[in-house]
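The following explanation leads the reader through the surroundings of the ligands.

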Amino acid sequence: MYEKLLSPLDLGFTTLKNRVLMGSMHTMLEEVDETFERMAAFYAERARGEVGLIVTGGIAPNKQGLALPGGHPLDNEQLAQKHRIITNAVHEAGGKICMQILHVGRYGYTADNVSASDTKAPISPFPARALTGEEVAQTIEDFVHCAQMAQLAGYDGVEIMGSEGYLINQFIAKKTNRRTDKWGGDYENRIQFPLEIVRQTRARVGENFILIYRLSMLDLVEGGSTWDEVVQLAKAIEKAGATIINTGIGWHEARIPTIGTIVPKGGFAWVTKRMMGEVNIPLIATNRINMPDVAEQILQDGCSDMVSMARPFLADADLVVKAMENRAAEINTCIGCNQACLDHTFTMQVCSCIVNPRACHETILNYPPVTTEKKIAVVGAGPAGLAAATIAAERGHRVDLFEAASEIGGQFNMAKIIPGKEEYAHTIRYYGEMIKKHQVNLRLNHRVTAEALIAEDYDEIILATGVSPRKLAIEGIDHPKVLDYADVLSRRVPVGKSVAIIGAGGIGFDMAEYLSHDMAHESPTLNVEAYMKEWGVDMEYTRGGSLADRPQPLASPREVYLLKRSKGKHGKNLGKTTGWIHRSSLAMKDVKMLQPVSYHKIDDEGLHISVGDQAQVLAVDHIVICAGQVPFNVLGRTLSEAGQSVHVIGGAHEAAALDAKKAIKEASYLVASL
Ligand code: FAD
Ligand code: SF4
């Protein structure tokens, strides 16, 4: 089982215990009080989980390289000594750790942005100033000095971040490098910046220090490198002294999703495979590799020598151990939602994970065994109830879990059928395994009553009964054309050829995705070629950046309108890092987004509305209501009045937004305290 994945990798001067790299993530722990202690706890837990090699979040080599003002570049010995808290903890846990050196260049969120030339990134409000020739030389020295400080700090190596559109990439690509000195001009000149960094770093740190270079193998932007150029750089990087080449996919400003849940599993491993055989040092495949079987397949297919997984180690620190012990079904799988990780980083909050609120909170949230066993009832087996029941049982409580439906999962059973959200099924599978492992007494098809709960004399009752769809007060709301989202997604009521969706929140967007997808074709998330075609990636790499002439999405089988009452862009409250994906996906399918809409009535003609002050009738077959949810909690009052110890969590507590993150977090913190 996982023969290749779990086999060691000999680097000559050191051996990695397996082929798993925990990829770099800026978790914002870099910015908090007790930063080193919290990072040490975070990384050490993953080292105990047998990760082959960990790479830290990016650390700037100098002040200009910081993403935000106020961070800490690693540029002095005093700070290097503090990093020892991290390296010691990882080494004591039996792991190896490299520090990533990242200069963000024009992606900085500061007025001091610098780059190869005077340009402005579309994703930063601040323009960048071109570094002078002297400053370029100093920046190279800063990278090298930073690597030296990392060595002093006890790291096993460094990763030099040369991809995702950061400073090094900005030197390499013509579109961002318009210099006329020796660092600009033809490709040979433009790649001297990374080559000097690698060469001089190797000279400074000696032979026995891991040097990973993250190479942008697929820029996914106009004016990006051609494949021949990428190969030329890889060979030169090897010659300059790199130990390993890691794959970078897509600049941050690229308009093609590269890591969201919509991306097929292992969907970019084909890029690394093209590079196999071109160099003699190990290559690492990346992006949307979230389970050991996916990783093993990539290695078996000869796509790479190692695999990088980053977010999967937020979801489950023990992923590798579970693979080693043939317990992959027990892995809490990263579902690629970005809700608690990247969305947090981009809104300056400490990262965590939707399915594992302990991630990056290892010193704060723990589930120690209990000394006094309690008898606990959990009502509702959606995400909140599942987390509460399984963690309580893991701690040693006796737990009865009641679910009215015939299966566990709650609303995730609807989420998982949305094209692009298939991965949500993993969360249900995981909790199913935890129910068995921790011997939760699961009672399916059991709509429990307050009286029955009182009669059982529980110590604690946790209500996780979820939500009900919000009803709208529109004339004709009971017309047979009207459905709610649960009719469509849960009860699978057929929907006609034209449909208006009322409400453009998360569920409205998901509904539009579902109804605009032709079910005769499998979801592009399940097929790499279909996905690349849909989003306009040219797998033949005929021109620089690997972009195709145009995206070629599957046509929608329906005419779909997505309506919202408020004024302004659709989906502005969706996830910071994923909202644009949902908007682009629906735009490609020609979904018509109308706002601000007033709803007048529904009758045989269709839906009567005004858009602004323009009255019109949408002559649609169906109207699907996705206008939010209200808490569903019919038991709480009776139980409280009867003096029971009641806790209400998840949607039953507050149903404001699409929010399994809050549901699982509330459950976890509650049962950690019981
Ligand atoms: P629920 O999931 O609603 O579960 C409540 C459960 O309680 C149900 O299974 C119900 O049958 C049961 N129940 C109720 N009363 C009783 C009773 N008396 N006895 C026994 N059982 C009872 N959230 C996100 O964060 N990200 C997403 O991407 C996302 N996508 C979504 C897509 C869709 C299409 C939908 C519909 C929702 C999505 N959500 C998403 C929302 C997310 O699923 C909810 O926030 C989450 O499920 C709430 O969890 P919960 O456990 O509180 O409630
Ligand atoms: Fe993965 Fe979502 Fe957790 Fe991020 S929040 S690690 S994407 S499951």
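A residue counts as near a molecule if one of its heavy atoms lies within 4 Å of it. In this predicted model, that criterion places R311, L314, C334, I335, G336, C337, N338, A340, C341, C353 and I354 around ligand 2. By class, this shell comprises eight nonpolar residues, two polar residues and one charged residue.

Attention may now turn to ligand 1. Its shell holds 38 residues, and the closest are Q339, E403, K421, G651 and A660. Sorted by class, the shell around ligand 1 contains 22 nonpolar, 10 polar and six charged residues. Domain 2 (375-469 + 630-672) and domain 3 (482-518 + 555-627) each supply at least three residues to this shell.

Several polar atoms of the protein meet ligand 1. G651, one of the closest residues, has a backbone N or O atom 2.7 Å from an oxygen atom of the ligand. The side chain of Y424 places a polar atom 2.8 Å from an oxygen atom of ligand 1. At A404, a polar backbone atom lies 3.0 Å from a nitrogen atom of ligand 1.

How much of the accessible area of ligand 1 does the protein cover? On its own, ligand 1 has 1000 Å² of accessible area, and the protein covers 94% of it. The elements that contribute two or more residues to the shell around ligand 1 are α13 (383-395), α14 (412-415), α17 (485-489), α18 (506-515) and α22 (660-672).

Conventions
Residues are numbered from 1 along each chain as its sequence is written. Chains are lettered from A and ligands numbered from 1 in the order in which they are written. This is a predicted model: local features need pLDDT of at least 70, side-chain atom pairs count only at pLDDT 80 or more; totals for chains, interfaces and linings use all residues. Side-chain values use heavy atoms; hydrogens and water are left out. A polar contact is a pair of N or O atoms within 3.5 Å; within protein, one must be able to donate a hydrogen and the other to accept it, and residues adjacent in sequence count only if both atoms are side-chain atoms. Accessible areas come from the Shrake-Rupley method with a 1.4 Å probe; for residues, only the protein chains shown count as cover. Helices (H or I, at least four residues) and strands (E, at least two) are DSSP runs, numbered from the N terminus. Ala, Val, Leu, Ile, Met, Phe, Trp, Tyr, Cys and Pro count as nonpolar, Asp, Glu, Lys and Arg as charged, and the others, Gly among them, as polar. Domain bounds come from an automatic or database domain assignment.
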